[in-house]
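Here is a short report on charged pairs and surface patches in one protein. Look at the structure first, then read on.

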Amino acid sequence: MLSYLLRIGEYEQFAGKTIGNNVYMDVRGKKVVFKRTRLTYERNNIFATIKRLAKKYKPDYAGKVYLETVRCFFSIGEEELEKCRYNYQGKDTYAFVLSDKYIMALYTYCLTARKAVALEDMELEGISKTELGMVKLESVREVLFQALLLDDVKFEDGNMHVNLCTVYVL
């Protein structure tokens, strides 16, 4: 899964021009940092770091490690959206120029929104007690890895969404 999220190894062909917009969790010493990468070797270094971190946490892969994918929705005004419309190889698409500061602000927004959901008093049908505990961040021992995948923006009902992926050790 880490290979796919980092777009390395057999998934390196998915690493297009927009992969540099993705935000990845990296661990430097005891400090967690979030950064963007442009080069494969940078993503491979993150992969190696996370594998070393996993050895430290000793996760039990028989039901104790979960991948959570949260859709983070954003809206943009119709006027602004028109300014970003392009035709690429005969297809209408959009191109957004985002600074590093803006992308990190989006990432922070996604994390804040995710934590706000954890604090809500909710009952969700159709999910197990373990999964509900994870949604509420009650049974989470460690966050092994996170990525905000801005290379895979989708439109739905007039809103854009990207995926915030988190690997939890329960």
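Aspartate 151 counts as buried, at 18% relative accessibility. Buried means under 20% relative accessible area, exposed means over 50%, and partly exposed lies in between (1.4 Å probe, protein chains only). Arginine 7 also counts as buried, at 3% relative accessibility.

This is a predicted model, where local features need pLDDT of at least 70, side-chain atom pairs count only at pLDDT 80 or more, and totals for chains, interfaces and linings use all residues. Residues are numbered from 1 along each chain as its sequence is written, and side-chain values use heavy atoms, with hydrogens and water left out.

**Salt bridges**

Side chains of opposite charge can pair when their charged atoms come close. A salt bridge here is a side-chain nitrogen of Lys or Arg within 4 Å of a carboxyl oxygen of Asp or Glu. How many salt bridges does a search of the whole structure find? The search finds nine.

| Pair | N to O distance |
|---|---|
| Aspartate 151 and arginine 7 | 3.0 Å |
| Arginine 71 and glutamate 156 | 3.2 Å |
| Arginine 85 and glutamate 82 | 2.7 Å |

Take the pair of aspartate 151 and arginine 7, which form a salt bridge. This pair links distant parts of the chain, 144 residues apart. Aspartate 151 sits in strand 6 (residues 142-156), and arginine 7 in the loop between helix 1 and strand 1. Helices (H or I, at least four residues) and strands (E, at least two) are DSSP runs, numbered from the N terminus.

Arginine 71 and glutamate 156 also meet in a salt bridge. They too link distant parts of the chain, 85 residues apart. Arginine 71 is in strand 3 (residues 65-74), and glutamate 156 is in strand 6. Arginine 71 is partly exposed at 46%. Glutamate 156 is partly exposed at 30%.

Next come arginine 85 and glutamate 82, joined by a salt bridge. Arginine 85 is partly exposed at 31%. Glutamate 82 is partly exposed at 41%. Elsewhere, salt bridges that share partners join Asp26, Arg28 and Lys35 into one network.

**A nonpolar patch**

Met1, Tyr4, Phe14 and Leu67 make a nonpolar surface patch of about 380 Å². Patch residues have over 30% relative accessible area and no salt bridge; like charges are joined within 9 Å, and nonpolar side chains (Val, Leu, Ile, Met, Phe, Trp, Tyr) within 5 Å. Phenylalanine 14 is partly exposed, at 43%. It lies in the loop between helix 1 (2-6) and strand 1 (23-28).

Terms used: Areas by Shrake-Rupley, 256 points an atom, 1.4 Å probe, with all protein chains shown as cover.
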